[in-house]
Amino acid sequence: MRQLRRWVLGLLVALTAVGLIALQPRLAAQAQESAPPATLDSAGLTLEELGDGVYGLIASVDFPPTDPNLAICNGGIVIGSDGVLVVDPFQTEALGDLLFETVATLTDLPVKYVVNTHYHFDHTGGNPAAASRDLPIFGRGPIREFMLTRNGESDPNITPPDVIINGSWDLWLGDRQVQIREFEGHSGGTDAIVYVPDANVLMAGDLLFNQRIPFVGDGNIRAWQATMASLIVDYPAALVLPGHGPVTDVTGLESFKTYLADLVALAESWESAGTSQEKAVSTPVPEKYSSFLFQALYPGNLETAYNQITLGQDDAASIQQYLAAQQEAVKAL
């Protein structure tokens with residue numbers, strides 16, 4: 001039964017684009033070839049102005065997506081005085097093209113930079129749209145290695161970043177500064193945030209899931225908690241574009257920090273009670289999170305919390321071993 005549950009969970013996770021859409025490359029390619037040109041409506045996206053010259057493309061689709069041409073994550077646009085930076089061009093080249101076409105409706109200035117906030121396919125599968133425009137793609141840490149070794153079953157045309165950044169980076173769009181900072185917790189050392197100081201807008205990537213159940217399978221829950229505490233202190237008045245879910249502010253950061261704390265407290269209670277993993281992963285979604293989307297990811301949250309908190313297996317090797325033990329589609333993420 002436990003193996004069946006793990007298989008079902010692996011299949012569910014493999015279907016999502018929460019960094020985890022594991023569509024067969026051939027089917028994904030066919031979907032892109034046969035689909036009409038993407039529009040904001042067809043992609044399930046809404047354009048929102050977050051500040052002067054700063055925009056978010058907000059996805060509203062639930063998990064699992066009913067169509068591979070629906071965008072799952074959020075994308076970002078920052079317009080400066082001499083050019084544009086875009087963040088996370090979604091999971092297909094067609095959706096990446098849509099992002100660049102949307103930029104053209106907002107400004108005549110050229111796109112200068114593309115940033116991937118982490119390696120997951122729903123944020124990086126659209127990179128070929130940037131590469132076809134000869135645009136530099138920025139990513140952090142082992143993002144190239146992870147994309148090449150984990151995204152193979154998801155992405156028919158893996159296009160890793162060609163500029164690797166670590167630590168703190170500042171990019172300039174004329175007189176507009178864009179800060180890129182590294183944090184830990186969600187994706188094995190590839191997480192980065194994008195902050196626009198003069199607009200006080202934070203693009204948090206998947207370090208923040210707002211009103212969504214997160215994917216935690218290759219993250220470190222304790223490190224993630226520390227990151228949320230830091231973001232709350234560092235960006236207390238910022239408008240925040242999450243990786244998934246509606247635009248928020250510090251209340252969204254605090255809410256997600258509470259979600260992680262609740263997950264840890266639950267796992268610590270299992271340790272005290274000697275609860276079996278089989279019983280632990282059958283825990284229902286708490287009422288206060290019952291309205292969140294991506295509900296099918298909750299059993300994976302429980303299993304990861306059991307491994308990392310109840311059993312204390314939260315070192316990098318154990319997390320990687322857990323990820324590797326999942327279905328083949330998940331290994332490629």
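Reply: Let's start with alanine 59, which sits in strand β2 (residues 54-59). Strands here are DSSP runs of E with at least two residues, helices are runs of H or I with at least four, and both are numbered from the N terminus. This is a predicted model, where local features need pLDDT of at least 70 and side-chain atom pairs count only at pLDDT 80 or more, while totals for chains, interfaces and linings use all residues. Residues are numbered from 1 along each chain as its sequence is written, and side-chain values use heavy atoms, leaving out hydrogens and water.

Alanine 59 counts as buried because its relative accessibility is 4%; buried means under 20% relative accessible area, exposed over 50%, and partly exposed in between (1.4 Å probe, protein chains only). Setting aside residues up to four places away in sequence, alanine 59 touches Gly44, Leu45, Ala71, Ile72, Cys73, Asn74 and Arg212, where contact means heavy atoms within 4.5 Å. Glycine 245 is 186 residues away along the chain, yet its C-alpha atom is 6.9 Å from that of alanine 59.

Now for the cores. A nonpolar core is a set of buried Ala, Val, Leu, Ile, Met, Phe, Trp, Tyr and Cys residues joined through side-chain atoms within 4.5 Å. The largest one has 43 residues, and Leu202, Ile213, Trp224, Met228, Phe256 and Tyr259 have the most contacts inside it. At least two residues each come from β10 (192-196), β11 (201-209), α8 (221-234), α9 (250-273) and α11 (298-310). Helix α9 gives the largest share, nine residues. A second, separate core of 24 residues includes Ala38, Ala43, Ile77 and Val86.

Five strands form an open sheet in the order β8-β9-β10-β11-β12, with mixed pairing; two strands pair if DSSP finds at least two bridges between them. At the edges, β8 (168-173) and β12 (239-244) each pair on one side only. From one strand to the next, the twist averages 25°. Strands β10 and β11 are antiparallel, with three bridges, and tyrosine 195 has leucine 202 in β11 as its bridge partner. Helix α9 lies across β11 and β12, at about 20° to β11. For such angles, axes are lines fitted to C-alpha atoms (for helices, over the stretch in contact), and angles run from 0 to 180 degrees between N-to-C directions.
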